[in-house]
Amino acid sequence: MPAELTFAAPRRAKPPRHLADLTPEERDTVVTELGEKPFRAKQIAKHYFGHLESDTAAMTDLPEASREKLGAALLPRLLTPLKHITCDNGMTRKTLWKAFDGVLFESVLMRYPDRITLCVSSQAGCGMNCPFCATGQNGLTRNLSTGEIVDQIVSVSRDLARGEVVGGPGRISNVVFMGMGEPLANYRRVLDSVRRMTDPVPGGLGISQRGVTVSTVGLVPAIEKLIAERLRVRLAVSLHAPDDELRDELVPVNNRWNVAEVLDAAWRYADVTGRRVSIEYALIRDINDQAWRADLLGELLAGNLVHVNLIPLNPTPGSKWTASRPEDEREFVRRLESHGVSVTIRDTRGQEIDGACGQLAAAER
Ligand code: SAH
């Protein structure tokens, strides 16, 4: 019996409409309907995306009498940061957000010498039920709105710009959809959020598409849709096993789209976009880290535009699984390399604050 999967999010109250949910044209319409000049929409968008300002009271180029009305219509408060927790000498910071309906989710900021990456959530919870992932254990609460995804980035960008984060002022260069949720199960909103984060100011935040990574369990029809969008974002596929027998267990959606089908879609993605696909593989001691599985993985990947990210498993509470032995990890790398496959071991940022891969489980706390 395959484990239970949830594709459709439960029906719940919708987050309030926000500027970031709308295209520039839709913003103009909202503003016009309020009896304001359409160019006000662009002014507000410039404040929000360009200056990371969410409070219309501070937008002195708007008529004073209209500020409150415009703020209520376009910039309602979506997210309240409940707490920030840091580790790695302050270079990693996890934020717990509360949405308008009390729903909780997290994002994780990681500073590196050459880049600043924000790992964002696309859903509160997740319906994909992977047994080694903390988020998967509590099921899917709801999809995040486009505004809720974008506002994670805007809020953290504001803290960074104001120098409120250890390491001094900075800008987010990379966004990875590796927080809570399966981004391709919330396709429309995730795609809109990618447009908002990558469109130039004032349409959006102006982050390079090449700096954005969409990570998926492998929802093949949604990967096909993504290919058709002709974006330059990176695709990451959470494979975790090269054989269907084991992947059926580790990534239950494999019962729907198997290893061959998922890799097929991945190669089409690489073909059309010219971008190397990332294969995510959490190394789990004595489960998926055997030398023969490394060889099988190497054979499947060899000759393709691909890079393997090995993630030492972050054990989740109550899990019977743990990370691989160092010698098995080394041998796994060696065998992949012997097939000519490029591979790196992901750093384990945020482990002690439960902010590392697969540890996000805000709803429990
Ligand atoms: N649903 C998406 C994105 C969320 S998780 C996906 O599955 O790709 C981001 C990555 O963390 C995925 O590759 C996921 O498989 C991995 N992951 C989940 N739990 C983990 C854990 N306990 N240890 C290491 N990696 C984990």
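Me: Where does Pro202 lie?

Reply: Pro202 is in the loop between H5 and E8. Here helices (H or I, at least four residues) and strands (E, at least two) are DSSP runs, numbered from the N terminus. Residues are numbered from 1 along each chain as its sequence is written, and side-chain values use heavy atoms, with hydrogens and water left out. The model is predicted: local features need pLDDT of at least 70, side-chain atom pairs count only at pLDDT 80 or more, and totals for chains, interfaces and linings use all residues.

Me: What kind of peptide bond joins Val201 and Pro202?

Reply: Read omega. The bond is cis, with omega about 10°.

Me: Is Gly204 buried or exposed?

Reply: Start with the cut-offs. Buried means under 20% relative accessible area, exposed over 50%, and partly exposed in between (1.4 Å probe, protein chains only). Gly204 counts as buried because its relative accessible area is 0%. This glycine sits in the loop between helix H5 (187-198) and E8. Its C-alpha atom is 22 Å from that of Pro81, 123 residues away along the chain.

Me: Which residue other than glycine has a phi near 55°?

Reply: That is Arg230; the value is positive. Arg230 belongs to the loop between helix H6 (220-228) and strand E9 (234-238). With a relative accessible area of 60%, Arg230 is exposed.

Me: Which residues are closest to the ligand?

Reply: First, the cut-off. A residue is near a molecule or strand if one of its heavy atoms lies within 4 Å of it. By that rule 21 residues surround the ligand, and the closest are Phe132, Ser215, Ser238, His240 and Asn314. Strands contribute: E8 (212-216) and E10 (277-283) each supply at least two shell residues.

Me: How many shell residues fall in each class?

Reply: Ala, Val, Leu, Ile, Met, Phe, Trp, Tyr, Cys and Pro count as nonpolar; Asp, Glu, Lys and Arg as charged; the others, Gly among them, as polar. The shell has 10 nonpolar, 9 polar and 2 charged residues.

Me: Which side chain has an N or O atom 2.7 Å from a ligand oxygen?

Reply: Ser215. Backbone atoms also come in. An N or O atom of the Phe132 backbone is 2.9 Å from a ligand nitrogen. For Cys357, a backbone N or O atom is 3.5 Å from a nitrogen of the ligand. The ligand on its own has 530 Å² of accessible area, and the protein covers 96% of that. Areas come from the Shrake-Rupley method with a 1.4 Å probe; for residues, only the protein chains shown count as cover.

Me: Which residue makes a polar contact of 2.7 Å with Thr344 through its side chain?

Reply: A polar contact is a pair of N or O atoms within 3.5 Å; within protein, one must be able to donate a hydrogen and the other to accept it, and residues adjacent in sequence count only if both atoms are side-chain atoms. His307 joins Thr344 in this way, side chain to side chain. His307 is in strand E11 (residues 306-312). It is buried, at a relative accessible area of 11%.
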